Amino acid sequence: MIRRRALVLLLACLASLTLSPPGHAQATDGTAPTRPALMLANVYHPGIDVSAYWVSEKYDGVRGYWNGRQLITRGGEAIQAPAWFTAGWPTEAMDGELWAGRGQFEWALSTVRRQTPDDTAWRRIRFMVFDLPDHPGVFDERLAHSQTLIARVGQPWLEAVPQTRVHSHADLMARLDRAVLEGAEGLMLHRGDAPYRGLRSDDLLKLKTHDDAEAQVLEHLPGQGKYTGQMGALLVRTPDGRRFRLGSGFTDTQRREPPAIGTWVTYRFRGLHGSGLPRFASFVRERPDYQPEAAETAR
C-alpha cells in the first residue's frame, strides 16, 4: 500500500510538470531558474510551402532565454550578465540568441560562460529576440508584439530579429546564397500560423549550405604517422546512441589538447550512410553549451 501511494504521488508530480505552460521556466524554490521548454528546429527540405513561413538569419551565438527576471541558458543555468544589460527589460519571457556578430561564436560563448561578467566583452553582445514563448498567439501575432515590446525598451543591445517573407523554394535558395556570402551561418524559418510549442517540429526550420550536428566525446584514439603521440581521432556518440570516429577538421593544437571526454562537439557532414552514420564527418568546434537531444525528447 505504501509503495502504491508513493507511485500515485510520483505520477501526480510528473503530471503537474507536464501541464506547465510551454516555454515557461518554472522555479523549484521560487527563485532559481529551471530548464525552459524551447521550440526546436527541424531541417528544411524541398517540398515545404515556404510562403507559410517568415525567414530570418540563423545567428551563430548562444541560445538565451529571458524568463522575465533573469537570463538563463537552454539548459536552465543562470547567465551572469551585467545588471545594465537587462535593466528595464519586460517581464514577458523572450527567446533569442546572445550574439557577438558573424563568425564570433567563440567570443559570445566565452563571454556568456564567465561567472564574473566582463563589461567590455558584454558591450559586443546583442540579445537577438526571435520569439515570445508565453504569448498565446500564433507567430504572426507574436512577431508584431515583440517588435512593439522591444522598441518600447529602446536599447541597442536588445533587438527583434528581422523577419521577411519569400514566395518559393528558388527565392529561399537565392536568399540563402546571399546570406552565406555576407558571412551568415544560414537561415531560420518560422511558420506564421504556429503557436509556441516547447518541442521539435516543422513549425521552426533551419537551413544551411551544409549539414551539422552534435556528438559527445567518448574516447581519444591515438594518432599514427605524423600524429604519433597525439590524438588521431575522437570516438564520439550521437544523442541517439550511434558511435563513430571523428578524425578530420582538427588543428595541430587541438590534436595535442583534444576536447575532454564527455564534451559535446559540433561536426559537419555530407549526408548519411545506410547505417545512419554521417558521411565525410569533420570536427567544427566544441559545444559546452549544448544540451543532448535525449533530454529534449524526454521533455
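Me: Before looking at any pair of residues, how should I read the word "buried" here?
Reply: Buried means under 20% relative accessible area, whereas exposed means over 50%, and partly exposed covers what lies in between. The model is a predicted one, and in it Arg-63 counts as buried because its relative accessibility is 13%. Asp-95, at 0% relative accessibility, counts as buried too.

Me: With which residue does Arg-63 form a salt bridge, and how far apart are the closest N and O atoms?
Reply: Side chains of opposite charge can pair when their charged atoms come close. In this model, the partner of Arg-63 is Asp-95, with 2.8 Å between the closest N and O atoms. The pair links distant parts of the chain, since Arg-63 belongs to strand β3 (residues 62-66) and Asp-95 to strand β5 (residues 94-99), 32 residues apart.

Me: How many salt bridges does the count come to, and which residues are linked in a network of them?
Reply: The count comes to 14 salt bridges, and a network of them links Lys-58, Glu-185, Lys-208 and Asp-212. Glu-185 sits in the loop between α6 (169-181) and β9 (186-191), while Lys-208 sits in the loop between β10 (200-207) and β11 (211-222), so their pairing ties together parts that are 23 residues apart in sequence. Glu-185 and Lys-208 are both buried.

Me: What is the order of the strands in the open sheet, and which strands stand at its edges?
Reply: The order of the five strands is β4-β3-β5-β6-β7, and their pairing is mixed. The edges are formed by β4 (71-73) and β7, and each has a single partner strand, so one side of each is left without a neighbour in the sheet. Neighbouring strands are turned by 35° against each other on average, direction ignored. Strands β3 and β4 run antiparallel and are joined by three bridges; the bridge partner of Tyr-65 in β4 is Ile-72.

Me: Which residues have the most contacts inside the largest nonpolar core?
Reply: In soluble globular proteins, nonpolar side chains tend to be buried together. The largest nonpolar core here has 23 residues, and those with the most contacts inside it are Leu-71, Phe-85, Trp-89, Met-94, Leu-98 and Phe-127. Two or more residues of this core come from each of β3, β5, α3, β6 (126-131), α5 (139-153) and β7 (158-160), with the largest share, four residues, coming from α3. A second, separate core of 15 residues includes Val-50, Ala-52, Val-166 and Leu-205.

Notes. Residues are numbered from 1 along each chain as its sequence is written. This is a predicted model: local features need pLDDT of at least 70, side-chain atom pairs count only at pLDDT 80 or more; totals for chains, interfaces and linings use all residues. Side-chain values use heavy atoms; hydrogens and water are left out. A salt bridge is a side-chain nitrogen of Lys or Arg within 4 Å of a carboxyl oxygen of Asp or Glu. Buried means under 20% relative accessible area, exposed over 50%, partly exposed in between (1.4 Å probe, protein chains only). A nonpolar core is a set of buried Ala, Val, Leu, Ile, Met, Phe, Trp, Tyr and Cys residues joined through side-chain atoms within 4.5 Å. Two strands pair if DSSP finds at least two bridges between them. Axes are lines fitted to C-alpha atoms, for helices over the stretch in contact, and angles run from 0 to 180 degrees between N-to-C directions.
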